[in-house]
Amino acid sequence: MYKNKVKIVIVSIIFALFHQKGIAQQYFETKFGCVGLDNARSVKQLSSSSIFVAGYSDTASSGNIDFALHKLTKEGALVFTKYYGNLQVNNCLNMNLTNSSKIIMCGETYTSNINFDAQLLCLDTNGVTIWQTQFGDSLKNESLKYITETSDHFILTCGFVTDSSSSNDFLFVKLDSLGNIVWQKYYGDVFNNTANMCIELSNGNYALVGDTKSSFGDYDVKVIVTDKDGNVIWDNNFGNKLQNGSQGIFESTDQQLVFYGETEIAQASPFDFFVQKVNLNGVSSWRKTFGGAKSDALFSGFEVEDGFVFTGYSNSYNSGPLNLVLVKTDSSANYLWSRNFGGNAIDIGYNMIESKSDSGYFMVGISNVGSNTENYLLHLTEQGYLDLVTNDKSTKHVTIYPNPSTGFFEIKNDEKFDDIL
């Protein structure tokens with residue numbers, strides 16, 4: 001008992017000292033879910049407070065896989081988990097927040113053991129359903145990979161639909177704020193095409209990125225820019241005779257398109273990271289590849305003040321099978337550094353956002369050990385640390401490990417303790 005009291009007093013003094021130095025936010029690493037399958041695909045933060053994590057899970061009472069929404073505090077404490085589905089498989093593949101703080105989710109719902117329709121949900125911040133939209137053709141499969149809101153409050157979502165040649169086409173759908181379909185568009189050819197992300201551009205047009213199977217038999221990156229009615233302005237493939245795939249796209253501050261993903265650097269080689277920049281007419285400015293001797297891929301990224309940041313997976317810089325990775329580059333996508341997170345499991349980062357609570361990042365994905373897959377959420381500093389850092393962005397760090405702890409932990413700092421006082 002006496003030792004516990006001493007421990008509490010020491011921790012209280014340390015945290016009081018941190019706050020006197022301007023340290024107000026605790027960064028964390030947490031895994032949550034039940035025994036079985038929990039797969040987190042998206043993370044968003046409401047204002048400067050609650051965090052929402054969305055994906056799918058097989059732990060709901062329906063007895064199958066359902067959409068899953070988790071609400072957490074900004075410190076990473078779970079507030080609630082809610083499930084949405086039926087007796088069939090329901091996979092939530094993306095989630096976003098609207099300007100009016102509604103939660104929009106998209107994915108697929110199976111109508112039989114082999115056929116599935118597109119599925120969309122709109123919820124309030126308590127997880128209560130506002131509307132639900134399901135659409136599809138009994139002779140085709142439809143799946144939605146990404147969802148976002150436009151500046152004029154329409155909803156854009158994209159994915160794929162099977163075509164008459166039994167391959168896939170890009171599926172691009174615009175809906176109003178109540179979930180009513182405004183239009184559906186299909187883009188493709190006789191080869192396989194899958195859209196992975198869609199965005200609104202600063203000039204009011206839309207851009208999609210995804211994968212297309214080339215005439216060489218390998219995969220290239222496909223970028224399509226449309227007008228507000230979904231009419232194609234240009235449609236370009238980017239690649240070579242090797243395998244290439246893109247998971248996301250954003251518009252840079254100089255009004256160019258940046259897309260990223262994974263690429264072979266030799267026939268049948270492990271994937272490397274790649275980032276490519278093209279202008280709004282589809283002309284390439286540069287393409288950068290980087291990574292190690294093993295597999296590396298980028299699944300989410302955005303521009304920051306001094307370059308770009310990405311998350312995905314890597315096992316080039318660690319001993320585990322795959323680790324969740326945070327990658328930093330300069331504004332020309334020259335590699336600066338990377339941080340790996342996870343253990344002796346398969347750990348993958350699917351989505352990353354800037355924190356509205358401070359200057360750090362929230363990253364979400366999965367951690368897989370055997371047949372058990374957990375949701376994996378991290379709150380990191382801009383430098384990619386799980387440390388408490390000062391508001392002046394000093395390079396000096398005080399580390400508490402593990403975090404969260406069971407009551408026993410180590411404290412390490414790279415400066416004299418007197419310097420904190």
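Q: What kind of model is it, and how are residues numbered?
A: It is a predicted model, in which local features need pLDDT of at least 70 and side-chain atom pairs count only at pLDDT 80 or more, while totals for chains, interfaces and linings use all residues. Residues are numbered from 1 along each chain as its sequence is written, and side-chain values use heavy atoms, with hydrogens and water left out.

Q: How many helices and strands does the protein chain have?
A: The protein chain has one helix and 30 strands.

Q: Back to E251 and L257: in which sense do strand 18 and strand 19 pair?
A: Strand 18 (residues 244-251) and strand 19 are antiparallel, with seven bridges between them. Their hairpin has five residues between the strands, and Q255 takes a positive phi near 60° there.

Q: And which residue in strand 20 is the bridge partner of F259?
A: The partner of F259 is Q276. Strand 19 and strand 20 (residues 272-278) also pair in the antiparallel sense, over seven bridges.

Q: Is strand 19 mostly covered or mostly open?
A: Strand 19 (residues 257-263) is mostly covered, as seven of its seven residues are buried. Buried means under 20% relative accessible area, exposed means over 50%, and partly exposed lies in between (1.4 Å probe, protein chains only). Over the protein chain, buried residues make up 53% of the 421 residues.

Q: Which residues touch the most other members of the largest nonpolar core?
A: That core has 40 residues, and those touching the most other members are F172, L208, V223, I249, L257, F259 and V275. A nonpolar core here is a set of buried Ala, Val, Leu, Ile, Met, Phe, Trp, Tyr and Cys residues joined through side-chain atoms within 4.5 Å.

Q: What is I249 in contact with?
A: Leaving aside neighbours within four places in sequence, the contacts of I249 (heavy atoms within 4.5 Å) are M197, I199, A207, V209, V223, L257, V258, F259 and Y260.

Q: What about the hairpin of strand 16 and strand 17?
A: Strand 16 (residues 219-226) and strand 17 (residues 232-238) run antiparallel and are joined by six bridges. V225 stands opposite W234 in strand 17. Five residues lie between the strands, and in this hairpin G230 takes a positive phi near 80°.

Q: Changing topic: in what order do the four strands of the open sheet come?
A: The order is 22-23-24-25, with antiparallel pairing. Strand 22 (296-304) and strand 25 (335-341) each have a single partner strand, so one side of each is left without a neighbour in the sheet. The twist averages 20° from one strand to the next, with axes as lines fitted to C-alpha atoms (for helices, over the stretch in contact) and angles running from 0 to 180 degrees between N-to-C directions.

Q: Which residue stands opposite F310 in strand 24?
A: F310 stands opposite V327. Strand 23 (residues 307-314) and strand 24 (residues 323-329) pair in the antiparallel sense over seven bridges.

Q: And is L336 buried, partly exposed or exposed?
A: L336, found in strand 25, counts as partly exposed because its relative accessibility is 43%. Not counting residues up to four places away in sequence, L336 touches K328, T329 and D330.

Q: How many disulfides does a search of the whole structure find?
A: The search finds zero disulfides, a disulfide being a pair of cysteine sulfur atoms within 2.5 Å.

Technical notes: Helix = DSSP H or I, 4+ residues; strand = E, 2+ residues; numbered from the N terminus. Pairing = 2+ DSSP bridges.
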